[in-house]
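Subject: Handing over a structure

Hi,

Here is the structure I promised to pass on to you.

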Amino acid sequence: MWIDHFVFFPDRRVGPPPAGVEERWLVTEDGRRLHAWYLPPPDGGPVLLWSHGNAGNIDSRRSVLAALAARGLGVLAYDYRGYGRSEGAPSEPGVYLDASAAFDDLVTRGTDPATIVCFGESLGGAVSIEVATRRRCGAVIAVSTFTRLADVARRHYGPLGSLAGDRFDSLARLPRVSAPVLVAHGDQDEIVPFELGERLFAAAPALKRFFRIAGADHNDALGRMALLDVIAEFARETVAGRRGG
């Protein structure tokens, strides 16, 4: 649809994977071939299923991948259809299929679903929330994520924002998520206002935590070491609790 051109900003340029990172290929339910990078967790620990934001690709996030791995987390970072080396063109239904395929690929290769943390930044948080309504996972982490696309669009485009309709409606989906939820948001976010993060958190069920990223704007949140520490702590604690150990 025409609105997808205003939502998705893919980058096709992807270099070789970082040292120690396994390159993987996934196939979606509708036959799209997706490109991914995988780092295994030490000792069967949490694995972040990382759904990135609406711009760039996994290659532009390699420094964050290394920082998460340094904190003892496994990571499967994949590119949506139309991003990086993944086939196809992005759409809202399509990226939901992509996330489900990435989740299912982890499970098929032997990952315990209780150790999978659906982790997303910005638009990727909405994708993570959606897949967690369809797959039982260990936890959900949404960073710099909006309530629904129309809420963000109205902040920037006024009444024209209503053209976004009900796309990426995390406010409606989050109450259906049974896993523990971490919502983190920069208090200087100039793209997705901080109060939208607070509203999203309010919609989450009882098992939840909010982290205010002091001084962070939209595009530097994942560069804050304090946030990465909280992500690692939350992932380990919730996954241990879900596994009963």
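Let me start in the sheet: strand 4 and strand 6 (residues 74-78) run parallel and are joined by four bridges. L49 has L76 as its bridge partner in strand 6. Helices and strands here are DSSP runs, H or I of at least four residues for helices and E of at least two for strands, numbered from the N terminus. Two strands count as paired if DSSP finds at least two bridges between them.

Before going further, please note that this is a predicted model, in which local features need pLDDT of at least 70 and side-chain atom pairs count only at pLDDT 80 or more, while totals for chains, interfaces and linings use all residues. Residues are numbered from 1 along each chain as its sequence is written, and side-chain values use heavy atoms, with hydrogens and water left out.

The sheet and its helices

The sheet is open and has eight strands in the order 2-3-6-4-7-8-9-10, with mixed pairing. Strand 2 (22-27) and strand 10 (208-213) are at the edges with a single partner strand each, so one side of each has no neighbour in the sheet. From one strand to the next, the twist averages 20 degrees.

Helix 2 (residues 92-108) lies across strand 2, strand 3 (33-39), strand 4, strand 6 and strand 7, and runs at about 160 degrees to strand 4. Helix 3 (residues 123-132) also packs on the sheet, where it touches strand 4, strand 6, strand 7 and strand 8, and its direction makes about 150 degrees with that of strand 7. For these angles, axes are lines fitted to C-alpha atoms (for helices over the stretch in contact), and angles run from 0 to 180 degrees between N-to-C directions. Contact means heavy atoms within 4.5 Å.

How covered is helix 3? Ten of its ten residues are buried, among them G124, S128 and E130. Buried means under 20% relative accessible area, exposed over 50% and partly exposed in between, with a 1.4 Å probe and protein chains only.

Two residues to look at

D105 is found in helix 2 and is buried, with a relative accessible area of 15%. Its side chain makes a polar contact with the side chain of R109 (2.7 Å). Such a contact is a pair of N or O atoms within 3.5 Å; within protein, one must be able to donate a hydrogen and the other to accept it, and residues adjacent in sequence count only if both atoms are side-chain atoms. Setting aside neighbours within four places in sequence, D105 is in contact with R24 and L26.

T28 is in the loop between strand 2 and strand 3, and at 5% relative accessibility T28 counts as buried. A polar atom of the T28 side chain lies 2.9 Å from the backbone nitrogen of R32. Beyond neighbours within four places in sequence, the contacts of T28 are L34, R81, L97, D98 and A101. T28 and D98 are 70 residues apart in sequence, yet 5.9 Å apart in space, C-alpha to C-alpha.

Aromatic rings

The structure holds seven aromatic pairs. The ring centres of W50 and F119 are 5.6 Å apart with planes at 40 degrees, so this pair is tilted. Rings of Phe, Tyr and Trp (its six-membered ring) pair if their centres lie within 6.5 Å, and planes under 30 degrees apart count as stacked, over 60 as edge-to-face and the rest as tilted.

Ring pairs also link F8, Y96 and F168 into a cluster. F168 lies in the loop between helix 4 and helix 5 (170-173) and is buried, with a relative accessible area of 1%. Phi of F168 is positive, near 50 degrees.

Happy to talk any of this over.

Best wishes
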